[in-house]
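Have the coordinates open while you read.

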Amino acid sequence: SKKNSSLAIVLYRCILKECKSINNQMRLQLPINPLRWGSGSFLSLQSLHHTTILKKLLPTISETQKIFQTAPQEFSSNQLKTLTRNIFKSRKVAINDEQEKLWIDDAFAALRVIGQQKNLSQCSSRAVTNGIQVDASAVYLPDRSDPDGLEFVFCYRLQITNFSDQTVKLMGRHWLIQDGNGDIQEVPRNSPGVVGKTPTIEPNQVYEYFSGTQLSTPKGVMKGSFQMLIEEKEIFDVQIGAFSLDSSVANETL
């Protein structure tokens, strides 16, 4: 219908506007699930591939658009705009009102996901040390926080991917957690494992875990390192890039 067509055009322009507001490269991530705080597990590399993530974030789009097969793992503003234009062109001719409504539903879903990904990217980091890649992300938990009592609780997710050709074992961790006043909490170097485990990560394997921290200010920043044992012989530090803790950034779960 004419009304639906007009709405689709408005949504298309809104999506392009959201894409334009992206300043840096934005990697695709699934939302952080706070219920997994305190847990850890191994993942396959395929589970972190952009096509796998897109199928979960936008199932009705990713399964019908071949263009996603060549989409990058990280998106710039221009790449997202190009992707949006191509999808819009491919769906421009709707056969009937029902298909047009599905198209509009997809557009609303895409807007939500772009906003969600922008929020995640604001509180994320990536660092690589000797082939060990560490992706960190954090979200604010308003339900567990008490701003009046100066208690701001955050859940963070760490994904450790072994792109090296050697098996490594995560022996310890070191954290520097700084609040908005500049005060620093330190988790000493070589503090044992993560979430009660010392996982052995083989080449092309991913270990993911969830934990959390509390600040007395609405914003802060975390950075640190993991102490890794190579082939039962040598210990070295794997850097964890600084990532923001920000209570003003919303979190959405699937």
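## A tour of the model

Leucine 7 is partly exposed, at a relative accessible area of 33% (that label covers the range between buried, under 20%, and exposed, over 50%, with a 1.4 Å probe and protein chains only). This is a predicted model, so local features need pLDDT of at least 70 and side-chain atom pairs count only at pLDDT 80 or more, while totals for chains, interfaces and linings use all residues. Residues are numbered from 1 along each chain as its sequence is written, and side-chain values use heavy atoms, with hydrogens and water left out.

Leucine 7 sits in helix 1 (residues 2-20); helices (H or I, at least four residues) and strands (E, at least two) are DSSP runs numbered from the N terminus. Together with Val10 and Phe108, Leu7 makes a nonpolar surface patch of about 250 Å². For such a patch, residues need over 30% relative accessible area and no salt bridge, and nonpolar side chains (Val, Leu, Ile, Met, Phe, Trp, Tyr) are joined within 5 Å. Areas come from the Shrake-Rupley method with a 1.4 Å probe.

Now for the voids. On a 1 Å grid over the protein atoms alone, a cavity is a set of points where a 1.4 Å probe fits but cannot get out, and a pocket is an open set with protein on both sides within 12 Å along at least five of seven lines; lining residues have an atom within 4 Å of a point. Volumes are the space filled by probe spheres set on the points, which are joined across faces, edges and corners. There are two cavities of 30 Å³ or more.

| Void | Volume | Lining residues by class |
|---|---|---|
| Largest cavity | about 370 Å³ | 20 nonpolar, two polar, two charged |

Ala, Val, Leu, Ile, Met, Phe, Trp, Tyr, Cys and Pro count as nonpolar, Asp, Glu, Lys and Arg as charged, and the others, Gly among them, as polar. Of the 24 residues lining the largest cavity, Ile15, Ile61, Thr84, Ile87 and Ala110 are the closest to its centre. Helix 5 provides the largest share of that lining, with eight residues. The second largest pocket has 15 lining residues, and Asn24, Gln25, Lys118, Ser121 and Gln122 lie nearest its centre.

Helix 2 (residues 50-57) is largely enclosed by the rest of the structure, because six of its eight residues are buried.

How many salt bridges does the structure hold? The total is five, each being a side-chain nitrogen of Lys or Arg within 4 Å of a carboxyl oxygen of Asp or Glu. Aspartate 135 pairs with arginine 27, with the closest N and O atoms 3.7 Å apart. Aspartate 135 is buried, at 4% relative accessible area, whereas arginine 126 is partly exposed at 38%. Elsewhere, lysine 219 and aspartate 246 meet at 4.0 Å, N to O.

Last, the backbone angles. Most residues other than glycine have a negative phi. Leucine 150, in the loop between strand 5 and strand 6, has a positive phi near 55°. Valine 195 has a positive phi too, near 40°, and lies in the loop between strand 8 and strand 9.

How values were computed:
Patch = residues over 30% accessible without salt bridge, like charges linked within 9 Å, V, L, I, M, F, W, Y side chains within 5 Å.
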